[in-house]
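User: Hi! Could you walk me through this model once it is on screen?
Analyst: Happy to, here it comes.
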Amino acid sequence: MCIRDRYTTYSADARANFTGPRDNFRTITTDNQRNNILNILRLPQAFEISSMQALYIKLAFRALLNDFRRGLNDDFNAKLTLRLALYIVLNIALILLYFVAWLPIVSRLNKNIWRTKSMLTMIPLNVVAKIRSVRVYLRKFISEKNITNY
């Protein structure tokens, strides 16, 4: 009879008697059921299971734990490398976008500003004085820049 069967028998029936070798039986408590269950652990099979657990199962568990940690570190390092590569690609894309899109826009705006300023300088002062919107713009520009008489 294996240990699992004995445990099932003793836990189901409180009046069952211990059926193992009598030299392993010890009276530990006054409860017959508890005595039987505790004496199961004194059987040679229980010692064999305990030594097998100490020798094989613990070593196997440690090996599995080490493999798990190693795999977790490898996975983390791979993801870290992937994130770093993605960051570099994103920075390169931003730099290319700066040169391809932003600089031409700024250049075009600069040209338009200079063209507008040049056209304003070509208009005679007496005509500028007559046009209300140009006068308001120039007055606003002069007050913002604190330009005094030249």
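User: Let's start with Lys79: is it buried, partly exposed or exposed?
Analyst: Lys79 counts as partly exposed, at 46% relative accessibility. For the scale, buried means under 20% relative accessible area, exposed over 50%, and partly exposed in between, with a 1.4 Å probe and protein chains only.
User: Which residue does Lys79 form a salt bridge with?
Analyst: The partner is Asp75, and the closest N and O atoms are 3.7 Å apart. A salt bridge here is a side-chain nitrogen of Lys or Arg within 4 Å of a carboxyl oxygen of Asp or Glu. Asp75 is partly exposed too, with a relative accessible area of 38%. Both Asp75 and Lys79 lie in helix α3, four residues apart, about one turn of the helix.
User: How do you assign helices, and what are the ground rules for the model?
Analyst: Helices (H or I, at least four residues) and strands (E, at least two) are DSSP runs, numbered from the N terminus. This is a predicted model, where local features need pLDDT of at least 70 and side-chain atom pairs count only at pLDDT 80 or more, while totals for chains, interfaces and linings use all residues. Residues are numbered from 1 along each chain as its sequence is written, and side-chain values use heavy atoms, leaving out hydrogens and water.
User: How many salt bridges does a search of the whole structure find?
Analyst: Two. Besides the one between Asp75 and Lys79, Asp67 and Arg70 meet through their side chains at 2.8 Å, N to O. Those residues lie in helix α3 (residues 44–122), three residues apart, about one turn of the helix. Asp67 is partly exposed at 44% relative accessibility, and Arg70 is partly exposed at 46%.
User: Switching to rings, what does the search for aromatic pairs find?
Analyst: One pair in the whole structure. The rings of Tyr98 and Phe99 have centres 5.3 Å apart and planes at 75°, so they are edge-to-face. The rule is that rings of Phe, Tyr and Trp (its six-membered ring) pair if their centres lie within 6.5 Å; planes under 30 degrees apart count as stacked, over 60 as edge-to-face and the rest as tilted.
User: And how accessible are Tyr98 and Phe99?
Analyst: Tyr98 is partly exposed, with a relative accessible area of 39%, whereas Phe99 is exposed at 52%.
User: Which ring does the charged end of Lys117 sit over?
Analyst: That of Trp114, 5.1 Å from the ring centre. To count, NZ of Lys or CZ of Arg must be within 6 Å of the ring centre and within 35 degrees of the ring normal.
User: What about the overall fold? How many helices and strands?
Analyst: The protein chain has five helices and zero strands. Of its 150 residues, 11% count as buried.
User: Last one: where is the mean pLDDT lowest among the elements?
Analyst: In helix α1 (residues 3–12), at 70, while α3 has the highest mean, 91. pLDDT is the predictor's confidence in each residue, from 0 to 100. The protein chain averages 82, and 86% of the residues score at least 70.
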